[in-house]
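This report is written for a reader who has not seen the structure before. Please keep the sequence and the model at hand while reading.

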Amino acid sequence: MFRKVLIANRGEIALRINRACHELGVSTVAIFSEADRGSLHVRHADEAFCVGAGPVASSYLNIANIISTALICGADAIHPGYGFLAENARFAEIARDHGLTFIGPTPDVISAMGDKATAKRIMQASGVPTTPGSGIIATPDEALAVAEEIGYPVLLKATAGGGGKGMRAVESPAEMASAFATAFAEAEASFKDGRMYVEKLIRSPRHIEVQVLGDHYGDVVHLGERDCSVQKPSHQKLIEEAPAPALDPAVRDRLHEIAVTAARAVKYTNAGTLEFLVDGPNVYFMEMNTRIQVEHPVTEMVYGVDLVKEQIRIASGERLGFTQADLIPHGCAIEVRVNAEDPENNFAPAAGTLGRVEFAGGPGVRVDTHVYAGAVVPPFYDSMLAKIIVTGRTRESAILRMERALSETRIEGVKTTVEFCREILRDEEFQRAGLGVDWLPNYLRRRTPVHA
Amino acid sequence: MIVTKIPDSMFDDTISERVRPLAQAFSEGGLTRLTLRDGDFELELRRAPAASAQPAVDARPAGEPTPARPTDAVLADVVGVVRFLRPPVTEGMGLEGDRELAFVETLGIRNPVRSRGAGRIAAIYVTDGQPVEYGQPLFAIER
């Protein structure tokens, strides 16, 4: 086991990793930007180093300062969390070259899966079903030719994309030129990589993803699926649950099987997630995320496995402590993302100083957060303040419990998604389950805005 | 003078009891930034920009004049290990112009720390071989 782990992240996930390390008897080094000096992840770590100014390029993406901190502190491993450098193959490589273990898959796998077009090609070759589409296309004309072949509507996607950036739906040839220009510009601005591809747009599929773990001895297991279909118009997830409700058992088994086959095919190590679009009986591989995900707690609650500890154990060279047969899901778990955003204004992010902060407790409620009363929410980072996770024997009981947990939650000083999520939980269609990714955007269109 | 980063756990009387003597020394020493860590307690004193209005803590006895000479802090702009030059600069040393005072070594790369102008070295906050974080004060230069 490692002696000391540097946590190359901030916010709730830095705290989450810190907890896993401490439970394993591993000491921790936090990094922080000047804007995060008062953050809880700094307070709970054994050591903390300021690595730069508030903007991410100066701090949380500053590879030289982060690696330098790890070396100065005598850390033997780096946990990247999610976002920032988590899927940066170069960072994983530099860490390795400095004798530090990167807690994640190998740089080769990160790089192959990080490039969406490459990932799709590899998966196709391993017999994994993918959406019909193109390779890299350079011009709107090429995109038009591909769209003609596979049929409209199509989706223009940046190969380096993520979080809905660099992605546009195209309904007809007339829209292609402007959609291409916007998506390309977004991809250039967000990822410095404007390479695009086209794929068939599947109308309102479900977003279902499968969690996998692989060790360095060739063993791979899955930990079931998560349904992340409740997404904002920006394609960012808002409410996630495990298991996926109202899913045909045959489709569920198929997803699990495909995920394990795919992970084995790329000799996957550590924790990863394969995202699929599910359209009735059809499943299509979308992408693989080579990191721990925001919504990992719902899987942890259903399987009773600490995924972050497993990541650390695997990276330190331990074998998986269980087989597929040992992994039996129990009940249902739901996660709500509490973001500093205004749902009445297109989920515009907010920054500021928090006033009163009260989180829910009681049976079956877990809160992963880094905020507290008086905490400052800097403008530089994502707007997530907390994740509230509840469990229940059934989906119905979990929904009622989440409603109760949200009713106990008070966050003053910034607008949040708490009340909006309560509204969703009470919605009949949400309760009926099996919704597609278009459900929330459509819901927002027909909803009468609530004026506070 | 600006006082930041007082942990919530500290009571007002403890703050004034611990901060006042420090603030006075800070003020008299003509420093611009002072960071102190003692277990849970972390204190940073910074001199407010000239234009700034009310000081948060003012420990100067009434009538005492503000130190005449302005002092700049030279901060680390990378995370690394401080290396002094041979011969090293010393406190009180006059600087005729912009010159290298030391360097911070980061992953084998030498990042020069410069005085950014003439003056006199009023304080040296670090020792040779000391690891430093981003923004850590290294030298105070009296202009």
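## The model

This is a predicted model, in which local features need pLDDT of at least 70 and side-chain atom pairs count only at pLDDT 80 or more, while totals for chains, interfaces and linings use all residues. Residues are numbered from 1 along each chain as its sequence is written, and chains are lettered from A and ligands numbered from 1 in the order in which they are written.

Helices (H or I, at least four residues) and strands (E, at least two) are DSSP runs, numbered from the N terminus. Two strands pair if DSSP finds at least two bridges between them.

## Domains of chain A

Chain A is divided into domain 1 (4-103), domain 2 (132-200) and domain 3 (206-446). These bounds come from an automatic or database domain assignment. Taken over C-alpha atoms, the centres of domain 2 and domain 3 of chain A are 28 Å apart.

## The sheet of chain A

Chain A has an open sheet of five strands, in the order β3-β2-β1-β4-β5, with parallel pairing. Strands β3 and β5 (101-102) of chain A stand at the edges with a single partner strand each, so one side of each has no neighbour in the sheet. Five bridges link β2 (residues 27-33) of chain A to β3(A) in the parallel sense, and Val29(A) stands opposite Glu47(A) in β3(A).

Helix α3(A) packs on this sheet and touches β1 (4-7), β2, β3 and β4 (77-79) of chain A. The direction of α3(A) makes about 155° with that of β3(A).

## Two helices of chain A

The axes of α4 (residues 89-97) and α5 (residues 107-114) of chain A come within 8 Å and cross at roughly 175°. Axes are lines fitted to C-alpha atoms, for helices over the stretch in contact, and angles run from 0 to 180 degrees between N-to-C directions. The crossing makes α4(A) roughly antiparallel to α5(A), a term for angles over 145 degrees.

Ala89(A), Ala92(A) and Glu93(A) of α4(A) meet Pro107(A), Ile110(A), Ser111(A) and Gly114(A) of α5(A). Contact here requires C-beta atoms, placed from the backbone, to lie within 7 Å. The residues of this contact divide into four nonpolar, two polar and one charged. Ala, Val, Leu, Ile, Met, Phe, Trp, Tyr, Cys and Pro count as nonpolar, Asp, Glu, Lys and Arg as charged, and the others, Gly among them, as polar.

## Where the chains meet

In the contact between the chains, 14 residues of chain A meet twelve residues of chain B. On the side of chain A that touches chain B, β3 (47-52) and α3 (63-73) of chain A each supply at least two residues. The largest share, six residues, comes from α3(A). That side of chain A consists of six nonpolar, six polar and two charged residues.

## Chain B

Chain B contains one helix and eleven strands, and along the sequence its pattern is β-α-β-β-β-β-β-β-β-β-β-β. Of its 143 residues, 27% count as buried, that is, with 20 or more other C-beta atoms within 10 Å of their own.

Strands β5 (residues 80-84) and β7 (residues 100-106) of chain B run antiparallel, joined by four bridges; Arg83(B) stands opposite Phe103(B) in β7(B). Six bridges join β7(B) to β8 (residues 109-114) of chain B, also antiparallel, and Thr106(B) has Ile109(B) as its bridge partner in β8(B). β7(B) and β8(B) form a hairpin with two residues between them, and Leu107(B) in the turn has a positive phi of about 50°.

Note on methods:
Contact = placed C-beta atoms within 7 Å. Parallel < 35°, antiparallel > 145°, perpendicular 65-115°, else oblique. Buried ≥ 20, exposed ≤ 12 C-beta atoms within 10 Å, placed from the backbone.
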